Amino acid sequence: MSIEPIGFIVLLLGLLSMVNGARFAITTLCLSTLLGAAAALQLPALGGSSIQPSHLLVLFLVVAALLRPAQTQATLASMAYPGPGFWFAAYILFSVASSFFLPRIFAGATLVYSSARDTTGMMSTVAAPLSPGSSNLSQSVYLLGDLACFAVVSGLARLGYARFIALQLIVASIACFTLALIDIGTFLTDQSYLLDVIRNANYTMHTAETISGFKRIVGPFPEASTYGAVALAYFSFTLLLWLERVQSRMAGLATLFIGPTIVLCTSTTAYIAGIFVVCMFVLFCLKRLISGPAKTPHVTFLVITLFLIPCAIVALSLVPDAWNSIAGLMSTTLSDKLQSQSGEERTAWNTLALIAFVDTATFGAGLGTVRASSFIAALLSNVGLTGTLLFAAFLYSLARASGRHMSGDRETHAIGNAAVMASIAQVASAAISGSGTDLGLLFSTTAGLAAGCLATNASPRRATRSLANRTPLETSTSLMRAPMFSTR
């Protein structure tokens with residue numbers, strides 16, 4: 001194991017998180033999820049795996065919560081049956097168990113594109129017989145980190161940190177936009193090496209690609225599709241907050257910033273998933289308009305999407321040069337994508353993944369065994385029908401909590417709904433181009449925030465939030481003098 005220069009900074013921030021508590025830990029975690037091309041640690045013994053800063057910080061986030069009894073209790077309560085946390089934990093624990101047993105049970109039963117990396121950090125481009133590999137262990141560790149992140153964030157939301165967590169996600173979305181501008185600026189000035197400090201992971205980097213004269217925006221991530229998926233998640237979160245008038249100024253500004261970068265990132269994943277997300281928001285606003293209570297932002301969004309954007313497209317078609325550029329970009333990223341080499345490779349991955357699902361009698365080949373190009377194909381081929389149904393139960397539980405009438409704090413409910421929208425946007429993006437079953441820590445953060453906000457009908461008392469911020473000794477003493485806050 002080797003520690004990268006950025007890794008020492010991450011370790012320092014992690015220690016400060018343990019000392020300063022939840023607010024500092026959440027701030028650093030939300031910002032670190034942007035460093036998708038960075039490596040804090042390199043693990044040559046595990047096929048050159050890279051540990052991202054965000055995954056390393058999760059460890060310190062968990063320790064910080066365990067040092068404070070009120071936060072520990074809320075974290076454990078977040079996984080109680082029948083809430084979303086229970087189904088998420090069941091899905092992840094089943095996946096981890098499958099990573100050990102299924103690759104050995106079905107060894108050699110079918111051909112797969114492995115998720116394991118060689119010593120150079122590259123994935124194999126040749127199908128090979130199913131067998132255990134280093135990715136079984138690494139993917140298990142990542143998923144356990146996702147579960148820990150989900151539980152802690154959900155617990156903190158129960159203790160009254162929902163508004164603070166939402167604010168940090170808004171700040172992270174603005175930072176995502178800023179890094180996109182830096183990416184474009186350094187590319188145009190041939191200074192891309194300035195970002196090497198946050199592009200040191202052992203991944204294949206697609207940071208200098210262009211399509212139809214447009215620079216593919218990657219920001220702090222290794223490729224445009226990853227940036228597009230993350231940007232779309234932030235866009236969904238901030239847009240719903242703006243529609244519901246929760247921290248509307250910052251949320252509206254973030255939406256205004258991050259939206260255009262999704263259009264300009266040239267990612268097929270972002271375009272297709274973005275259409276799905278916009279349709280969801282149109283239905284949401286129409287429902288509010290019909291059944292109420294509708295606000296000015298809901299009407300504004302409908303006017304923009306159903307009238308102004310179509311008018312702008314018609315006006316753009318009257319400018320031949322601009323229209324030809326946009327049409328060329330859309331043709332390359334959408335209609336011609338499946339005929340490209342990348343499209344053919346991804347189709348082959350999904351085909352073998354679904355064949356592996358059948359050849360393993362729907363049990364799956366085990367977490368981290370099969371590489372696919374769709375989250376759905378990855379679920380079926382890796383964790384089988386059982387794991388897929390557990391994840392579906394988790395999503396259903398999350399969506400059901402969002403649709404349930406809440407009699408408590410309107411702002412908390414709105415933040416929970418915004419987090420649900422962001423989570424659905426990430427699942428939609430992964431369903432188009434996700435190579436594995438790990439949706440990442442941003443998904444765990446938004447899903448945990450949603451579960452925590454929608455778990456109770458009343459907003460937590462300010463005294464409980466103060467209690468959670470005390471030192472372990474102070475908290476233990478206070479708990480003996482006062483009744484514990486219910487975390488139903």
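1. A cut-off before anything else: a residue is called buried when its relative accessible area is under 20%. S267 has a relative accessible area of 0%, so S267 is buried. Where does S267 sit? Its place is the loop between helix 8 and helix 9. Setting aside neighbours within four places in sequence, S267 is in contact with R216, A224 and S225.

2. Now the overall picture, keeping in mind that this is a predicted model. The chain has 17 helices and 7 strands. Of its 488 residues, 53% are buried. If you take contacts between residues at least 6 apart in sequence, 74% of them join residues at least 24 apart.

3. On to the rings. There are 18 aromatic pairs. Take F150 and F394: the ring centres are 6.0 Å apart and the planes are at 75 degrees, so this pair is edge-to-face, the label for angles over 60. The two partners come from distant parts of the chain, with F150 in helix 6 (residues 134-188) and F394 in helix 13 (residues 375-403), 244 residues apart. Buried or exposed, these two? Both F150 and F394 are buried.

4. F394 has another ring partner, F391.

5. Which residues make up the aromatic cluster? F88, Y91, F150, F375, F391, F394 and F443 form one cluster. If you colour one group of side chains in your viewer, I'd pick this one.

6. Two places where a charge meets a ring. The charged end of R371 sits over the ring of W349, 4.3 Å from the ring centre. Likewise, K215 has its charged end over the ring of F187, here 5.4 Å from the centre. K215 turns up again below.

7. How many salt bridges does the structure hold? The count is 5. One of them joins the side chains of E411 and R163, at 2.7 Å from N to O. This pair links distant parts of the chain: E411 is in helix 14 (residues 410-433) and R163 in helix 6, 248 residues apart. E411, at a relative accessible area of 22%, is partly exposed, and R163 is partly exposed too, at 41%.

8. D183 and R199 form another salt bridge, with the closest N and O atoms 2.9 Å apart. D183 lies in helix 6 and R199 in the loop between helix 6 and strand 6 (210-211), so the bridge ties together parts that are 16 residues apart in sequence. D183 counts as buried because its relative accessibility is 1%. R199 is buried too, with a relative accessible area of 10%. And here is K215 again: D183, R199 and K215 are linked in a network of salt bridges.

9. A further salt bridge is formed by E244 and R288, whose closest N and O atoms are 3.0 Å apart. E244 is in the loop between helix 7 (224-243) and helix 8 (248-264), while R288 is in helix 9 (residues 268-291), so to speak a link between distant parts of the chain, 44 residues apart. Both E244 and R288 are buried.

10. Which residues lie nearest its centre? They are G259, V263, V278, T305 and I309, out of a lining of 33 residues. At least two lining residues come from each of helix 7, helix 8, helix 9, helix 10 (296-316) and helix 11 (320-335).

Notes: Residues are numbered from 1 along each chain as its sequence is written. This is a predicted model: local features need pLDDT of at least 70, side-chain atom pairs count only at pLDDT 80 or more; totals for chains, interfaces and linings use all residues. Side-chain values use heavy atoms; hydrogens and water are left out. Rings of Phe, Tyr and Trp (its six-membered ring) pair if their centres lie within 6.5 Å; planes under 30 degrees apart count as stacked, over 60 as edge-to-face and the rest as tilted. Helices (H or I, at least four residues) and strands (E, at least two) are DSSP runs, numbered from the N terminus. Buried means under 20% relative accessible area, exposed over 50%, partly exposed in between (1.4 Å probe, protein chains only). A charge sits over a ring if NZ of Lys or CZ of Arg is within 6 Å of the ring centre and within 35 degrees of the ring normal. A salt bridge is a side-chain nitrogen of Lys or Arg within 4 Å of a carboxyl oxygen of Asp or Glu. Contact means heavy atoms within 4.5 Å. On a 1 Å grid over the protein atoms alone, a cavity is a set of points where a 1.4 Å probe fits but cannot get out, and a pocket is an open set with protein on both sides within 12 Å along at least five of seven lines; lining residues have an atom within 4 Å of a point.
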